Amino acid sequence: MKQISLTLAACLAGTVAFAAEIAPKDVGYDEDGAVAASLSGVAGDAASGALLVGDKSKGNCVACHQVAALTDVPFHGEIGPALDGAGSRWSEAELRGLVANAKMTFDGTMMPAFYKVDGFTRPGDAYTGEAGTEPLPPILTAQEIEDVVAFLATLKED
């Protein structure tokens, strides 16, 4: 019985270690900007990702992109490419890299880096010189990135 308990404890400890969240500064991008490893260590939830893509106060992807799967969300933008077929155009690792920090793939893109905490031009620096110095949190959490990636991966071309 003691042997079984120790084995179970070791398995659970291994699962917890595997599911560790990757901090924004520790994300490993490849030469093309893709991120192979899950940022949260937990699979994304496509339904939660769809909510984030359409949420005007969080991900707000529809402000710049059209997404036919989200017809109930008003005011889709036309600045970025339509996300229809994104799951066919890009791999999960590429999608993760694009959502975390698209600038690693597309230099000069206007798309915000949703999982970045430094290297920003702080509002106020150019005008008053009194911008805040406190650390900024990422726009989306590691799990929210995984959820958005899971949703985008469902958007396949016919």
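**Briefing on a predicted helical chain**

At 38% relative accessibility, Ile139 counts as partly exposed. This residue belongs to a predicted model, and Ile139 sits in the loop that runs between helix 4 and helix 5 (142-154). The chain has 5 helices and 0 strands, in the order α-α-α-α-α along the sequence.

**Overall composition**

- Of the 158 residues in the chain, 32% are buried.
- The chain exposes about 9,600 Å², of which carbon and sulfur atoms supply 60%.
- Among contacts with a separation of 6 or more, 54% involve residues 24 or more positions apart.

**Surroundings of Ile139**

- Beyond its neighbours within four places in sequence, Ile139 is in contact with Lys58, Pro112, Ala113, Phe114 and Glu144.
- Ile139 and Gly59 are 80 residues apart along the chain, and 7.6 Å separates their C-alpha atoms.

**Packing of helix 2**

- Helix 2 spans residues 46-54, and its buried residues are Gly49, Ala50, Leu52, Val53 and Gly54.
- These buried residues of helix 2 pack against helix 5.

- The whole structure contains 5 salt bridges.
- One of them joins the side chains of Lys25 and Asp118, at 3.8 Å from N to O. Lys25 is in the loop between helix 1 (2-18) and helix 2, while Asp118 is in the loop between helix 4 and helix 5, so the pair ties together parts 93 residues apart in sequence.
- Lys25 is exposed, with a relative accessible area of 60%, whereas Asp118 is partly exposed at 36%.
- Another salt bridge is formed by the side chains of Glu157 and Arg89, at 3.9 Å from N to O. This pair also links distant parts of the chain, with Glu157 in the segment after helix 5 and Arg89 in helix 3 (residues 86-89), 68 residues apart.
- Arg89 is partly exposed, with a relative accessible area of 36%.

**Salt bridges around Arg96**

- Arg96 forms a salt bridge with Glu92, and their closest N and O atoms are 2.9 Å apart. Arg96 and Glu92 are separated by about one helical turn because they lie 4 residues apart in helix 4.
- An α-helix has 3.6 residues a turn, so residues three or four places apart point the same way.
- Arg96 counts as buried, at 1% relative accessibility.
- A network of salt bridges links Glu92, Arg96 and Glu146.

**Negative surface patch**

- Asp30, Glu31, Asp32 and Glu94 gather in a patch of negative charge on the surface.
- Within this group, Glu94 is located in helix 4 (residues 92-101) and is partly exposed, with a relative accessible area of 34%.

Notes: Residues are numbered from 1 along each chain as its sequence is written. This is a predicted model: local features need pLDDT of at least 70, side-chain atom pairs count only at pLDDT 80 or more; totals for chains, interfaces and linings use all residues. Side-chain values use heavy atoms; hydrogens and water are left out. Patches are made of residues with over 30% relative accessible area and no salt bridge: like charges are joined within 9 Å, nonpolar side chains (Val, Leu, Ile, Met, Phe, Trp, Tyr) within 5 Å. Accessible areas come from the Shrake-Rupley method with a 1.4 Å probe; for residues, only the protein chains shown count as cover. A salt bridge is a side-chain nitrogen of Lys or Arg within 4 Å of a carboxyl oxygen of Asp or Glu. Lys and Arg count as positive and Asp and Glu as negative; His and the chain ends are not counted. The place of a charge is taken as NZ of Lys, CZ of Arg, CG of Asp or CD of Glu. Helices (H or I, at least four residues) and strands (E, at least two) are DSSP runs, numbered from the N terminus. Buried means under 20% relative accessible area, exposed over 50%, partly exposed in between (1.4 Å probe, protein chains only). Contact means heavy atoms within 4.5 Å.
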